Amino acid sequence: MRVIFFLFKFLFGLGFALLLVAGGVAALAVWYFGRDLPDYQQLVDFQPPIVSRVYAGDGRLLAEYASEKRVFVPVKEIPPRVIHAFLAAEDRNFYSHMGIDPVAMARAGVTDIMRVLTHRRPIGASTITQQVAKNFLVGSELSYQRKIKEALVALKMEKALGKDRILELYLNEIYLGSGSYGVAAAALTYFDKSLDELSVAEAAFLAALPKAPNNYNPLRYPEAAKARRDWVIDRMVEAGFISAADGAKAQATPIRLRHRDETETVTADYFSEEVRRELLARYGEKALYQSGLAVRTSLDPNLQVIADRSLRSGLVAYDRRHGYRGPVARIAVAGDWRARLAAVALPAGADDAGWRLAVVLGAGGESAAIGFADGTTGIIPFEELRWARKVIDDDHLGPVPSRPAEAVAAGDVVLVEVLPEQPRAAKERRYALRQVPAVSGALVAIDPHTGRVLALSGGFSYEMSQFDRATQAKRQTGSAIKPFVYLAALDHGYTPSTLVLDAPVAIDQGPGLPIWRPNNYEHRYFGPTTLRVGLEQSHDLMTIRMGADIGLDTVAQYVERFGVMDHMPRQYSMLIGAEETTPLRLTAAYAMLVNGGKKITPTLIDRIQDRNGVTIYRADERPCDGCVNVDWDGQAPPELPDTRQQIADPRSAYQVVSMMQGVVERGTGRVVAALGRPLAGKTGTTNESNDTWFVGFSPDLAAGVFVGYDQPKGLGRHETGGTVAAPVFRDFMAGALEGEPPIPFRIPSGIELVRVNATTGQLARPGDKTVIYEAFKPGTEPTGEGAPVVSGASTLTDDEDAASMGETAGEVPPVAESAATIAAPAAAGAAPPVIPPPLAPTPATSAAPRTVPATGTGGLY
């Protein structure tokens, strides 16, 4: 008996000693591994990276930017069925353990011994708390040291954060495949649903993903995905979260994925990229991709669709006029031509235009037979092939095809577009031959009263080129600059009826530079001409003379004040558009003409809110005391002050608008007049037709169109702003203003409308063919007496050595006798006067201006 007692005492003592040793070892381990534990307190206020979203003006989604696609949802807003699904799958005892689950760890330990012996990866027994510690603080290194640190951090987190906060971090942080982080983002990605719309089966599927989301992708591994989901449902039944009947019903449900509807998003690639660049510049990359900004833009999705369509149609129309460059590829049509066609890559830009690849199977009779990679067939009627003249070189085309075989041949892989109208009795669908244009361009639409950019197309296709020609392409303006030259003149004593001499002139550009002898586009001269006719017909020479009279500094001040460019070189060639700007800046400048000379800044972003809904940026900075914290009960909205700076006399601005309306009705933009509503604008064409423009407006919408090659080269003979860019503007305005009543341009106070002869600018007389109401400031209307002619006399000197221009003078409009005495001859053979070089710039602009070679015809049209 004493032996047994002694043995018992010995074993007890030994056990106690071992316990002390174990406790000491544990304490030592806790001390050793706890020395450099990460600071778990940072998780108290941790904000996970979430998606920044950009919205169009109507609230539809435009773009998303994120390093991790996540939508943060507070745990109190997550439905119980979602929480139960994840607890059943990952940590059934989450709300009862202290951060680690000893029972589960022991069970996993035994299992892991067998897995290690068979050279398999240990499965572990991490609780949700441990997973949060691993994902946020400790890292995922596969070692026992990391597991010990993970357990220690988990124990501390439980005391500091609480269960709900830990679960909130877990459900919003975990990666669930397909680029989705967190349960809310995954619900949208897989099912296009919010969390409260998920069924038991859908919630169980999401809970099945954390272990290996790629292995349970239902598109690639449907059987594995369903088996894993059903396993989660079984665990939910075992835990008592759902009934057996609900579990069986959920398991009988197939996994049906549903992607976000296209109607809920807006496509405006160039616009959204410009917004992204602005956000990056304003807040930086981390804020854009991780801070969950909510950005409301000015984009009008309807106008954007019209802008894209109008620009593409205009580029295609120009491209067709300049011939067919040949097939995309050639393949044999014998045997399996479908497989060979499927191997041909679709050219960049074709998909955005809605075009398909087809192979010509034969060309005869009145059509060409075509086939598609899916085995379907169709025809291209001959009328859709007539445009396909072979390109010989940049200036020459082959003859117009007389039969289909002269345009295409069997084996040609071509781009086609289905025709919108199909004959009822047709056996084959009819298609049109297409080719991706080599030329490009831009279209911008702006609200002229606010500067909000409503639509922006920066090229034929964003897939084809991400270069945004609306905001990044700096191109010469040509005659599109002239309205600001005329505005400066009208603010300095000129009237729309002022006569300016349109006659040859030679410009001394300064030491080392040749004499510049600009011409009008028509190579004709029209003698004394009114400002209105000069702008409507875009005469270069009278514009130069007028600019010389009022001074380059004066013109430059207007050009810079309206934001066309930051600094206009004091060179005479600038008067007809030798300097460069972007379509966005030029369109915004035109918008300031129609709004009465009020300063606006083009903006793409209306408002930015942070992840908490706090507004951190607003484009409209006007004060409004009655706009916040006010209950609306049918009262009138508050009136906001007009804080826009007045940068030009509104009367002068209206006079320019009226003259630009004449550009549409009688001048170089007559193609726009087909719309039959009040519109105004100005064409622009540079040397060799490298750049073509039409910028204009209705009373409440401004739009600018540019067309040209990215590597500047001539667009071809007779291609001008009136033939290339103006039709795009016309088509855009037709769609944008469809259904809207015509609105006349608003006339400011201080303007008198007087009936005058549109050609001479004199008071209308009986028998005059073209009579208009001209806008005059009080006291400046014509008196019927002889009118003086401006010739730039104050800066001109006769140049006896100037070579004769040799062109025939155009028809000179009748003027009063006093106009016969002019400072420079207009007749053929007379030596043109020489304008001396401009004076040195004033100290305010003392930076040396860039000298722009001014040869050829200058601004042209």
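Guide: Let's start at Asp393, where a polar atom of the side chain sits 2.9 Å from the backbone nitrogen of Asp395. The Asp393 side chain also makes a polar contact of 2.8 Å with the side chain of His396. (A polar contact is a pair of N or O atoms within 3.5 Å; within protein, one must be able to donate a hydrogen and the other to accept it, and residues adjacent in sequence count only if both atoms are side-chain atoms.) Bear in mind that this is a predicted model, with local features needing pLDDT of at least 70 and side-chain atom pairs counting only at pLDDT 80 or more, while totals for chains, interfaces and linings use all residues. Residues are numbered from 1 along each chain as its sequence is written, and side-chain values use heavy atoms, with hydrogens and water left out.

Asp393 belongs to strand S10, residues 391-393. (Strands, E and at least two residues, and helices, H or I and at least four, are DSSP runs numbered from the N terminus.) With a relative accessibility of 35%, Asp393 is partly exposed, a label for what falls between buried, under 20% relative accessible area, and exposed, over 50%, using a 1.4 Å probe and protein chains only. His322 is 71 residues away from Asp393 in sequence, yet their C-alpha atoms are 9.9 Å apart.

Now hop over to Ser440, in strand S14. Ser440 is buried, at 6% relative accessible area. The side chain of Ser440 has a polar contact of 3.0 Å with that of Arg469. Leaving aside residues up to four places away in sequence, Ser440 touches several others, including Leu315, Phe460, Phe706 and Asp710; contact here means heavy atoms within 4.5 Å.

Strand S14 is part of an open five-strand sheet, ordered S15-S14-S26-S25-S24 with antiparallel pairing. (Two strands pair if DSSP finds at least two bridges between them.) S15 (453-457) and S24 (680-685) are the edge strands, each pairing on one side only. On average, neighbouring strands in this sheet are turned by 5° against each other, direction ignored. Helix H20 (residues 583-594) packs on the sheet, touching S14, S15, S24, S25 and S26, and its direction makes about 35° with that of S25. (Axes are lines fitted to C-alpha atoms, for helices over the stretch in contact, and angles run from 0 to 180 degrees between N-to-C directions.) At the S24 end, six antiparallel bridges link S24 to S25 (residues 692-698), with Lys682 standing opposite Val695. A helix lies across S24 and S25 too: H21 (residues 650-665), running at about 65° to S24.

Next comes strand S22 (residues 605-609), joined to S5 (residues 294-297) by four bridges, antiparallel again. S22 also pairs in the antiparallel sense with S23 (residues 615-618), over three bridges. Ile608 has a bridge partner in each: Val295 and Tyr617. The hairpin of S22 and S23 has five residues between its strands, and Gly613 takes a positive phi near 85° there.

One last stop is an open three-strand sheet with mixed pairing, in the order S20-S17-S29. Its edges are S20 (527-530) and S29 (789-790), each pairing on one side only. S17 (residues 499-502) and S29 run parallel over two bridges, and Leu499 has Val789 as its bridge partner. Packed on this sheet is helix H18 (residues 540-550), which touches S17, S20 and S29 and whose direction makes about 120° with that of S17.
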